[in-house]
Amino acid sequence: MKYIITESKLNEVIKKYMDATYGDVEMNVDKDDDGYIHFFSRRDVDSDGYPVRIAHRNNHGTLWIDYSFFEKMRGLFGNSVGEGIEKYYSDKFGIEIKRINMEF
């Protein structure tokens with residue numbers, strides 16, 4: 001059975017998935033590094049108990065996300081998932097995202 005999902009519904013599903021997977025994503029602006037913004041998940045902590053950075057945005061508006069995370073999202077939601085991820089960050093934090101790149 002095939003389902004037709006509109007772009008707005010896909011964005012809503014991506015938002016719910018991000019919230020369920022990462023919980024309350026926290027935004028921290030780095031005042032020393034020319035306005036870089038770091039995003040941390042309270043659900044993912046490293047071996048020292050610190051929240052893991054799940055993405056960051058540079059001062060040019062590029063959002064950098066982990067490649068394996070993007071591939072997982074693309075596998076679940078298809079090739080247009082980048083737009084949904086971009087909308088999640090811009091809507092949730094009120095920031096401009098010009099493009100998305102992957103970190104390897």
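Reader: Let's start with asparagine 58. Is asparagine 58 buried or exposed?
Author: Asparagine 58 is buried, at a relative accessible area of 9%. Buried means under 20% relative accessible area, exposed over 50%, and partly exposed in between, using a 1.4 Å probe and protein chains only.

Reader: Before we go on, what sort of model is this?
Author: This is a predicted model, in which local features need pLDDT of at least 70 and side-chain atom pairs count only at pLDDT 80 or more, while totals for chains, interfaces and linings use all residues. Residues are numbered from 1 along each chain as its sequence is written, and side-chain values use heavy atoms, with hydrogens and water left out.

Reader: Back to asparagine 58. Where does asparagine 58 lie?
Author: In the loop between S3 and S4. Helices (H or I, at least four residues) and strands (E, at least two) are DSSP runs, numbered from the N terminus.

Reader: And what does asparagine 58 touch?
Author: Tyr36 and Trp64, leaving aside residues up to four places away in sequence. Contact here means heavy atoms within 4.5 Å. A polar atom of the asparagine 58 side chain also lies 3.0 Å from the backbone nitrogen of histidine 60.

Reader: Switching to the sheet. In what order do the strands come?
Author: The order is S1-S2-S3-S4-S5, five strands in an open sheet with mixed pairing. Two strands pair if DSSP finds at least two bridges between them.

Reader: Which strands stand at the edges?
Author: Strand S1 (25–30) and strand S5 (99–103); each has a single partner strand, so one side of each has no neighbour in the sheet. On average, neighbouring strands of this sheet are turned by 35° against each other, direction ignored. Axes are lines fitted to C-alpha atoms, for helices over the stretch in contact, and angles run from 0 to 180 degrees between N-to-C directions.

Reader: How do S2 and S3 pair?
Author: Strand S2 (residues 36–45) and strand S3 (residues 51–57) are antiparallel, with six bridges. Phenylalanine 40 stands opposite arginine 53 in S3.

Reader: Which strands does helix H2 touch?
Author: Helix H2 (residues 67–77) packs on the sheet against strand S4 (62–66) and S5, and its direction makes about 85° with that of S4. Helix H3 (residues 81–93) lies across S1, S2, S3, S4 and S5, at about 75° to S1.

Reader: New topic: how many salt bridges does the structure hold?
Author: Six. A salt bridge is a side-chain nitrogen of Lys or Arg within 4 Å of a carboxyl oxygen of Asp or Glu.

Reader: What does arginine 42 pair with?
Author: Glutamate 26, with the closest N and O atoms 2.8 Å apart. The pair links distant parts of the chain, arginine 42 being in strand S2 and glutamate 26 in strand S1, 16 residues apart. Glutamate 26 is partly exposed, at 24% relative accessibility.

Reader: What about arginine 74? Which residue does it meet?
Author: Arginine 74 meets glutamate 71 in a salt bridge of 3.0 Å, N to O. They sit three residues apart in helix H2, so about one helical turn separates them. Arginine 74 is partly exposed, with a relative accessible area of 32%.

Reader: Which residues are joined into one network?
Author: Lys15, Asp19 and Lys92, through salt bridges that share partners.

Terms used:
Polar contact = N/O pair within 3.5 Å; in protein donor to acceptor, adjacent residues only side chain to side chain.
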